[in-house]
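Please consult the sequence and coordinates shown below.

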Amino acid sequence: MSEPINRCPIQLTENGQLRHFLTTEGLPKELLTEILDTADSFVDMSAQQVKKVPLLRGKTVVNLFFEASTRTLSTFELAAKRLSADVLNLNISTSSTKKGETLKDTLMTMRAMHSDMFVVRHSDSGAAHFIAEQVTPDVAVINAGDGRHAHPTQAMLDMLTIRRHKGQFEGLKVAIVGDILHSRVARSQIHALRILGAEEIRVIAPQTLLPRHIESLGARVYTDMNSGLRDVDVVMMLRLQKERMDSALLPSESEFYKLYGLTRDKLAFAKPDAIVMHPGPINRGVEIESAVADGERSVILDQVTNGIAVRMAVMSMAMSGQLAEKNRAQPDIDNLNL
Ligand code: NCD
């Protein structure tokens with residue numbers, strides 16, 4: 001496979017360090033591996049008595065959420081607190097406001113408060129990138145989900161969960177199942193899996209929930225569960241994202257469950273040691289049978305735990321990338337050999 005193209009140079013410093021985290025697309029394998037290695041060390045730390053490190057001490061992190069969230073917001077908050085940052089959570093409804101104007105106004109207000117990092121969730125694809133272009137050089141931006149485009153920390157917590165259960169990516173067959181069309185998670189997962197060297201990436205969905213040209217990202221398309229799940233090592237389920245469906249794309253939820261819901265019977269087509277994942281929130285009896293979601297092959301709660309570690313890793317790496325860049329631009333007078 002060809003090398004990924006870096007389509008988002010803004011997220012790296014001149015030296016290739018993480019500066020913002022906006023997408024997994026086009027990032028070097030070494031950088032994704034560094035995120036996973038750093039996160040691994042934070043997973044171990046979470047089991048200790050004292051769960052805090054001073055890496056972001058004196059820094060202010062603002063969680064700027066324009067869309068609802070439970071686990072992403074709370075794990076970002078916990079991650080920032082475990083790094084010793086001061087944290088501010090802002091839930092902003094976009095329903096009555098015009099795009100762009102609110103974003104700019106909010107950003108200017110936050111800028112005046114001397115925030116050091118914005119964690120952004122927004123319903124518009126490209127919102128986090130837009131903010132990263134607007135902020136001053138001493139602010140880092142982390143994308144916590146933008147429209148259908150990307151959800152890079154979710155993809156990396158999924159990668160960490162896979163690596164901790166399977167050891168490596170080489171040789172793995174991974175199936176992503178369900179509403180691929182509306183899923184920022186699926187896109188970020190496909191990029192990350194490809195970069196990290198998974199052997200085969202499959203997407204399984206009804207034709208109406210498949211984006212056009214999904215094959216060009218490096219995924220094989222299946223519209224049938226039994227053949228798509230055959231011999232896979234990892235099954236990644238997705239939620240039906242009805243809030244992003246502007247027309248009836250499905251006959252009914254029960255029909256979807258019959259054909260694409262992950263039941264014990266369908267899981268039997270995967271490898272006997274296959275793991276089952278879901279980013280949450282789960283719709284039991286729509287995407288997944290309760291017995292599978294709560295079963296011994298489910299790693300859904302590990303994903304939540306690993307989310308804290310991955311978010312700690314990304315935040316600390318982006319902050320040190322941003323500091324390195326700032327020091328290059330304005331060398332500290334004490335560090336000059338005058
Ligand atoms: C995902 C999201 O918001 O994109 N969830 C999450 O971050 N835990 C997936 C979803 O909402 O279905």
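This is a predicted model: local features need pLDDT of at least 70, side-chain atom pairs count only at pLDDT 80 or more; totals for chains, interfaces and linings use all residues.

How many cavities of 30 Å³ or more does the structure hold? The structure holds one such cavity. Residues are numbered from 1 along each chain as its sequence is written, and side-chain values use heavy atoms, without hydrogens and water.

**Cavity**

On a 1 Å grid over the protein atoms alone, a cavity is a set of points where a 1.4 Å probe fits but cannot get out, and lining residues have an atom within 4 Å of a point. The largest cavity contains about 70 Å³ of space, the volume being that filled by probe spheres set on the points. Helices H2 (71–82), H5 (152–166) and H11 (300–329) each give two or more residues to its lining; helices are DSSP runs (H or I, at least four residues) numbered from the N terminus. H11 gives the most, with four residues. The lining includes Arg71, Thr72, Gln154, His278 and Arg311. At least three lining residues come from each of domain 1 (9–149 + 304–329) and domain 2 (152–300), with bounds from an automatic or database domain assignment.

**Pocket**

A pocket is an open set of points with protein on both sides within 12 Å along at least five of seven lines. The largest pocket has a volume of about 450 Å³. Of its 23 lining residues, Arg121, Arg184, Arg239, Glu243 and Pro281 are the closest to its centre. H2 and helix H6 (184–196) each supply at least two residues of this lining. Because domain 1 and domain 2 both give residues to the lining of the largest pocket, the pocket lies between them.

**Ligand**

| Side chain | Distance to a ligand oxygen atom |
|---|---|
| Thr72 | 2.9 Å |
| His151 | 2.7 Å |
| Arg239 | 2.7 Å |

Taken alone, the ligand exposes 310 Å², of which the protein buries 93%; the areas come from the Shrake-Rupley method with a 1.4 Å probe.

Terms used:
A polar contact is a pair of N or O atoms within 3.5 Å; within protein, one must be able to donate a hydrogen and the other to accept it, and residues adjacent in sequence count only if both atoms are side-chain atoms.
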